[in-house]
Each structure stands twice: as C-alpha cells, then as structure tokens.
Amino acid sequence: MTVERVINAPIDEVFAWLTTTTNYTRSPLVLRCTLTRHGEGTPYGVGAVRSHLWLMGWFRERITHYDAPHVTEYVVERSLPPSRHELGRMTFTEVDGGTEVRWITRAAMRLPLLGAPLTRLLV
C-alpha cells in the first residue's frame, strides 16, 4: 500500500509529528500508542520500539532506519491478528506548498483464506 499527501507545513515539523507515535491517537482509529524503547541518539531513532493499539489490532514496531527529516523505516515484529510485514517506510520531500509525505507498507494478515481480503479491507 502506498499513500501520498502534501502537508502545508515545513519538512522538519511534518517529520517530527509523524515520527512521534503518541500523535497517532488523534485518529479515531487509534486507541493507544507508546514508545516502549528509545532509539539510538533520539527517542524514535534506529532501535526504537513502538506499541500501537488500533481498532483493527495491536502492533509492535521496531525502527530500522532513521534519517531526519527525510526518511524513517520500521518493521512490525509482532501483531494481533498475526501478520507478515516486510516494510514500512515514510519519506518526506520539500515541495511547493509544504512537504510531500509518501508512506509505503507491505503487509498481509496471516489468516487462512481470509488473510488477503481482510488485509485489503482493513489496511
């Protein structure tokens, strides 16, 4: 899945807001988000572990790449329902009118027969 948006704000502010997991609770789909382990050099840097409880499930993510304010990558280490997660990447690019954000994730729920359709529906 790929989502692209231009946000009318400077790249540093957009990167900081979207990489701070506790901000996600502003969405009605997100119930709780916590930073359970700080990363190298910065709270959300490489090695940071985030825990997210969404209406559709629970996810524990580990940050694998962090290059502020341009890119952050993560992998889902555990989830309920179980899923296979290959990549999560957010890139940030300065453009006219603000910051272009591109979020790419490759994932699938691990449920016999229903995994693929549920992934498309919920993700």
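Predicted model: local features only at pLDDT ≥ 70, side-chain atom pairs only at ≥ 80, totals over all residues.
Modeller: Residues are numbered from 1 along each chain as its sequence is written, and side-chain values use heavy atoms, leaving out hydrogens and water.

Biologist: Why is the contact of Glu61 and Arg50 called a salt bridge?

Modeller: A salt bridge is a side-chain nitrogen of Lys or Arg within 4 Å of a carboxyl oxygen of Asp or Glu. For Glu61 and Arg50 the N to O distance is 2.5 Å, so the pair meets that definition.

Biologist: Why does Glu61 count as buried?

Modeller: Buried means under 20% relative accessible area, exposed over 50%, partly exposed in between (1.4 Å probe, protein chains only). Glu61 has 6% relative accessibility, so Glu61 counts as buried. Arg50, at 3%, is buried too.

Biologist: What makes Arg60 partly exposed?

Modeller: Its relative accessible area is 28%. That value falls in between the two cut-offs. Arg60 also forms a salt bridge with Glu77, with the closest N and O atoms 3.4 Å apart.

Biologist: How do you know that the buried residues of helix 1 line one face?

Modeller: Helix 1 covers residues 11-19, and its buried residues are Ile11, Val14, Phe15, Leu18 and Thr19. Seen down the helix axis, they fall within an arc of 115 degrees, so they line one face. The arc is that of the directions from the helix axis to the C-beta atoms. Helices (H or I, at least four residues) and strands (E, at least two) are DSSP runs, numbered from the N terminus.
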